[in-house]
Amino acid sequence: MAGEPINLTNQFLIAMPGMADGTFAGSVVYLCEHTEKGALGLVINKPIDIKLKNLFEKVELTLDRQDLADAPVYFGGPVQTERGFVLHERLGGEEADGGTYNSSLQIPGGLEMTTSKDVLEALANGAGPKKVLVTLGYSGWSAGQLEDEISRNGWINVGAEPGIIFDTPVEQRYDKALSLLGIDPRMLSQEAGHA
C-alpha cells in the first residue's frame with residue numbers, strides 16, 4: 001500500500017555535502033509549492049552581483065527604500081533566470097489594500113511569492129511588504145524528481161523559519177537551517193574518514 005505523498009511546501013531543503021549538482025551545492029531552498037506534479041522553490045542563500053536598486057532600474061522603477069536599496073538579488077535557481085521572484089511576508093490588514101498582488105502564490109502556513117511587477121511598484125513607492133527576498137530564477141523539479149533526490153540523500157528538509165530568510169546574514173543561513181534539525185554542520189562530512 002503506497003503511503004501518502006509527501007508535501008514539503010513551506011519547508012527548507014538543505015543541500016547535503018555530497019550534493020552532486022554543483023548548482024545546488026551548499027544551498028538552502030525555500031519550497032513554495034510541492035504537489036504530485038512537482039515542486040518549485042527559491043534558493044535563499046546565493047546572492048548574485050546585482051543590488052535591488054539596480055534591478056529596479058532595469059524595470060524603470062526607482063527604489064527609495066534605504067533598507068532595501070543595497071540588498072542583493074539572489075540566484076533563485078536555474079529556471080527562468082531572467083524573471084524576478086519576490087518572496088515576502090504575507091500581507092494582512094490595511095497593508096493589503098483589498099488583496100495582494102496580481103500573481104501571488106500564497107504558501108500555506110508560510111510566506112507569499114509574487115512574480116508580477118506590481119509588488120516592485122509597491123516597494124518603489126515605499127509601500128509593499130517590509131520583508132522581501134528577490135531572486136532571479138527559480139528551482140523546479142518534475143513529478144517525483146525531488147522525492148528521488150531526497151531518497152538519494154541529496155537533500156534534507158525541515159520546516160521553514162522566516163527569520164532565517166529575512167533576518168539572518170546570508171553566510172549563516174545554511175548553518176542556521178541545519179540547526180533547526182539539531183545538526184551541527186561540522187558533523188557533516190563530504191567524505192568518510194577525513195577529520
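1. How many bridges join β3 to β9, and in which sense do the two strands run? In this predicted model, β3 and β9 run antiparallel and are joined by four bridges. Within this pairing, Leu-40 is positioned opposite Gly-140 of β9.

2. Strand β3 also has β2 as a partner. The pairing of β2 (residues 28–35) with β3 is antiparallel and extends over six bridges. The two strands make up a hairpin, with two residues between them. One of the residue pairs is Val-29 with its bridge partner Val-43 in β3.

3. The burial of β3 deserves a separate remark. The strand spans residues 38–43, and six of its six residues are buried. In a regular strand, side chains alternate between the two faces of the sheet. In β3, Gly-38, Leu-40 and Leu-42 point one way, while Ala-39, Gly-41 and Val-43 point the other way. Residues of both sets are buried.

4. Helix α3, residues 117–124, is likewise mostly covered, with six of its eight residues buried. These are Asp-118, Val-119, Leu-120, Ala-122, Leu-123 and Ala-124. Among the elements that cover them are the helices α1 (52–58) and α2 (66–69), together with the strands β6 (79–88), β8 (112–114) and β9 (132–142). After α3 comes Gly-126, which has a positive phi, near 80°.

5. Is Asn-10 buried or exposed? Its relative accessible area is 17%, which is under the 20% cut-off, so Asn-10 counts as buried. A polar atom of the Asn-10 side chain lies 3.1 Å from the backbone oxygen of Gly-109. Beyond residues up to four places away in sequence, Asn-10 touches Tyr-30, Leu-31, Ile-107, Pro-108, Gly-109, Gly-110, Leu-111, Gly-159 and Ala-160.

6. On confidence, the chain has an average pLDDT of 88, and 90% of the residues score at least 70. Over residues 93–98, however, the pLDDT is below 50, and this stretch has one contact in the model beyond near neighbours in sequence. Where pLDDT is low, the predicted coordinates should not be read in detail.

Note on methods. Residues are numbered from 1 along each chain as its sequence is written. Side-chain values use heavy atoms; hydrogens and water are left out. Buried means under 20% relative accessible area, exposed over 50%, partly exposed in between (1.4 Å probe, protein chains only). A polar contact is a pair of N or O atoms within 3.5 Å; within protein, one must be able to donate a hydrogen and the other to accept it, and residues adjacent in sequence count only if both atoms are side-chain atoms. Contact means heavy atoms within 4.5 Å. pLDDT is the predictor's confidence in each residue, from 0 to 100. Two strands pair if DSSP finds at least two bridges between them.
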